[in-house]
Amino acid sequence: MRNFTFCSPTDFTFGIDAHLQVGEKVAAYGAKNVLVHYGGRSATASGLIAQVTGALKAAGLKVLELGGVQPNPRDTLVNEGISLCRYHDVDFVLAVGGGSAIDSAKAIAMGTVYKGDFWDFYTGKAEPETALPVGVVLTIPAAGSEGSPGSVITKEEGSYKRACNSDRIRPKLAFCNPVLTYTLPPYQTACGAADIMAHVLERYCTPTEGVSLSDRLCEAV
């Protein structure tokens, strides 16, 4: 057994149509101007972005959209998001998608309130002292970023891929509707299942003594 400290302040809303509660919950958090940050065609073609923005507007919130997140999210789009947030006085960043959209949203949230280059947080030059609150409408299983303090961004110049970890960017709200994962390609669904099993096995195949309870939980999964 090992001693540990665990804190998960993320408010998870799970179930059918969970994402439709996004307006009332983001509004209750005190937000006024929301940046909705997402990837590409599937989020818009499926009608999800329209549902999310509709719920936000129905709650009296102003909405700004920024799509185009790629796998291994790029610093160039993060910088674009930071500029938009500053110009429009955005006070809440909502990611719609999987890990890449969430990581990019976290970077935007940090960079908006920072006077320097947000990349400083990914090189260890600076530590984030504050950030805009981040929320997530999750569309993929096994992302993990919807409740974690981590973000990974790729700097296009030089192709540097770096991580930043800070509780300042742990999402405040996460909306998990399993139905939103139904339209994923079979390969992407399989990748999620493989990722889940890899993390379970990492915890199970350990020489740490006295962890029979967590071993039984791993076996159940």
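**Salt bridges, cysteines and pockets**

Biologist: Lys155 forms a salt bridge with which residue?
Modeller: A salt bridge needs a side-chain nitrogen of Lys or Arg within 4 Å of a carboxyl oxygen of Asp or Glu. For Lys155 the closest N and O atoms of the pair are 3.7 Å apart. The partner is Asp75.

Biologist: How many residues apart are they, and in which elements?
Modeller: Elements are DSSP runs numbered from the N terminus, helices being H or I with at least four residues and strands E with at least two. Lys155 sits in strand 6 and Asp75 in helix 4 (residues 75-87). The pair links distant parts of the chain, and the separation is 80 residues.

Biologist: What pLDDT do local features need here?
Modeller: Residues are numbered from 1 along each chain as its sequence is written, and side-chain values use heavy atoms, with hydrogens and water left out. This is a predicted model, so totals for chains, interfaces and linings use all residues, side-chain atom pairs count only at pLDDT 80 or more, and local features need pLDDT of at least 70.

Biologist: Are Lys155 and Asp75 buried or exposed?
Modeller: Buried is under 20% relative accessible area, exposed is over 50%, and partly exposed lies in between (1.4 Å probe, protein chains only). By that scale, Lys155 and Asp75 are both buried.

Biologist: What does the Asp11 salt bridge with Lys25 tie together?
Modeller: Their closest N and O atoms are 3.2 Å apart. Asp11 is partly exposed at 32%, and Lys25 is partly exposed at 24%.

Biologist: Which residues lie closest to the centre of the largest pocket?
Modeller: On a 1 Å grid over the protein atoms alone, a pocket is an open set of points where a 1.4 Å probe fits, with protein on both sides within 12 Å along at least five of seven lines, and lining residues have an atom within 4 Å of a point. Points are joined across faces, edges and corners, and volume is the space filled by probe spheres set on them. The largest pocket holds about 1100 Å³. Of its 44 lining residues, the closest to the centre are Gly97, Gly98, Gly99, Thr139 and Ile140.

Biologist: How many charged residues are in that lining?
Modeller: Asp, Glu, Lys and Arg count as charged; Ala, Val, Leu, Ile, Met, Phe, Trp, Tyr, Cys and Pro as nonpolar; and the others, Gly among them, as polar. The lining of the largest pocket has 17 nonpolar and 22 polar residues, and the charged ones number five.

Biologist: Which element gives the most to the lining of the second largest pocket?
Modeller: That pocket has about 670 Å³ of space. Among its 18 lining residues, those closest to the centre include Phe4 and Arg203. With five residues, the top contributor is helix 7.
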